[in-house]
Amino acid sequence: MPGIIKPAGQQRRRSRGAFVAFLKDFWGVYRNFLCIVIAPTLVVGGYLYLVASDQYEARADFIVRRADNSAKTGDVGQLLGINIGTSTTAAEAYLVSDYLLSIDTVNRLRHDDSLVERFRRPGIDWLSRLWSANPAPESLLKYYRKQVTIEQESQAGISHLSVKAFTPDDAELIGRRLLLLGEERVNAINDRSYHDQIDHSRRELEKAELAMAQAESELTAFRRQHKDIDPVGSGTAQLTMVTTLTGSLTAAHARLQAMDGVVSHDSPQYMAMQRQVRAMEAQVAGQSQRLAGNGSSIASSLGSYENLVAKREIATRALALTSAQFEQAEAEAQRKQIYLVRVVDVNHPVKSLFPERGKTLLTFFAFLALAYGVGSLLMAGIREHHI
């Protein structure tokens, strides 16, 4: 009846009953949405905000460039003031990136920089940490590639290195070690390319130097054997001498013939002239014999000498050619050298950027809500089809 005041306990029981009834009705209407969308979102949110460990990201940018002079105007290297090279080598850049994400690099970091221990530090949550204390190389590589990424800008030629770790110092150290390993790989590529480029030219140069030394040695041995430093000059001088003596002998014969019939053959003057002619004939015969007589004559040795001189000239030309080819190959090998240039050095992270809690949670909720909505529409369509 109006005006009658009911006890407070009875009013509270009725309010509680109404609230319970509201909850039952709400559960009956939204039960599926709560179980499929809200409950998993709360679980993921609890993990992200209460359990998940902070991760720090260290970043660095680098380029791989070639030391040649075929510059392109407006190239990124010119804008950065880099003068050691002007040609971005995309193939080598991808090669370096592939090496840094390879099992070889993981093994180096594992043995030299305690990579496993850095991903298993105390306090790291169970889902984020590296589970095994002694993982197989393939398992460690798979986890490593989740923490380390390299993105390539093919047009600019810049590689972006990102390293995530659970402490700022670990992220920075791994990033710096990766850049050092990349530089080591580039140096190894340079050494291999350099030696492959010039080894053949060096061998040819060594052959030419050996041939030149052998030709010089044979020529020196010939001069020592014949005791003549210049057989060509000696032959010319000998020929001149024979020619002069022959002219003198001809003149002496003419004088002797002029005296014949005029001066008695028994006269001292005629006999002296006759002796002079005979002496000159003997001298001419001796010098002619030396010039072109037996096997030890100047003429016979001159042919061997000229062959040796021709052999030395050929060796000299071959040495000059191979020297030029070697210098060209060396210059070409130097031009093809590549360099890893740090555009942005590894930073020391201060604030944790991962996990991206808000973004991850919102994405997860949106996905579940979308899946729930699509599923509800499909179920409603199925029910209408049965009816």
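Student: Let's start at one residue. In which helix is the place of Tyr 49?

Tutor: Happy to begin there. Tyr 49 has its place in helix α1, which covers residues 8–51. Keep in mind that this is a predicted model. Together with Leu 50 and Val 51, Tyr 49 makes a nonpolar surface patch of about 370 Å².

Student: How many helices and strands does the chain have?

Tutor: There are 11 helices and 5 strands in the chain. Of its 387 residues, 33% count as buried. The accessible surface comes to about 24,200 Å², and 58% of that belongs to carbon and sulfur atoms.

Student: What is the mean pLDDT of the chain, and where does pLDDT stay under 50?

Tutor: The mean is 78, with 71% of the residues reaching 70 or more. Over residues 69–86, pLDDT stays under 50. As a general idea, where pLDDT is low, the predicted coordinates should not be read in detail. The model does have 29 contacts beyond four places in sequence for residues 69–86.

Student: With which residues is Phe 62 in contact, leaving aside neighbours within four places in sequence?

Tutor: The list runs through several parts of the sequence. Among the contacts of Phe 62 are Val 96, Ser 97 and Leu 100, then Gly 157, Ile 158, Ser 159 and Leu 161. Phe 62 is also in contact with Leu 179 and with Leu 340, Val 341, Arg 342 and Val 343. For the chain as a whole, take the contacts between residues at least 6 apart in sequence: 75% of them join residues at least 24 apart.

Student: On to charges. How many salt bridges does the count come to?

Tutor: The count is 15. One of them joins Asp 112 and Arg 108, whose closest N and O atoms are 3.5 Å apart. Both residues lie in helix α4 (residues 103–112), 4 residues apart, about one turn of the helix.

Student: Why do Asp 112 and Arg 108 count as partly exposed?

Tutor: Asp 112 has 47%, so it is partly exposed. Arg 108, at 29%, counts as partly exposed too. Both residues also belong to a network of salt bridges that links them with Asp 113, Arg 177 and Glu 184.

Student: What does the salt bridge between Arg 312 and Glu 216 tie together?

Tutor: The side chains of Arg 312 and Glu 216 meet at 3.9 Å, N to O. Arg 312 lies in helix α10 (residues 298–335) and Glu 216 in helix α7, so the pair ties together parts that are 96 residues apart in sequence. Arg 312 is partly exposed at 24% relative accessible area, and Glu 216 is partly exposed at 29%.

Student: Which residue forms a salt bridge with Asp 345?

Tutor: Arg 342 does, with the closest N and O atoms 3.2 Å apart. Asp 345 counts as partly exposed at 36% relative accessibility, and Arg 342 counts as partly exposed at 28%.

Terms used
Residues are numbered from 1 along each chain as its sequence is written. This is a predicted model: local features need pLDDT of at least 70, side-chain atom pairs count only at pLDDT 80 or more; totals for chains, interfaces and linings use all residues. Side-chain values use heavy atoms; hydrogens and water are left out. pLDDT is the predictor's confidence in each residue, from 0 to 100. Contact means heavy atoms within 4.5 Å. Patches are made of residues with over 30% relative accessible area and no salt bridge: like charges are joined within 9 Å, nonpolar side chains (Val, Leu, Ile, Met, Phe, Trp, Tyr) within 5 Å. Accessible areas come from the Shrake-Rupley method with a 1.4 Å probe; for residues, only the protein chains shown count as cover. A salt bridge is a side-chain nitrogen of Lys or Arg within 4 Å of a carboxyl oxygen of Asp or Glu. Helices (H or I, at least four residues) and strands (E, at least two) are DSSP runs, numbered from the N terminus. Buried means under 20% relative accessible area, exposed over 50%, partly exposed in between (1.4 Å probe, protein chains only).
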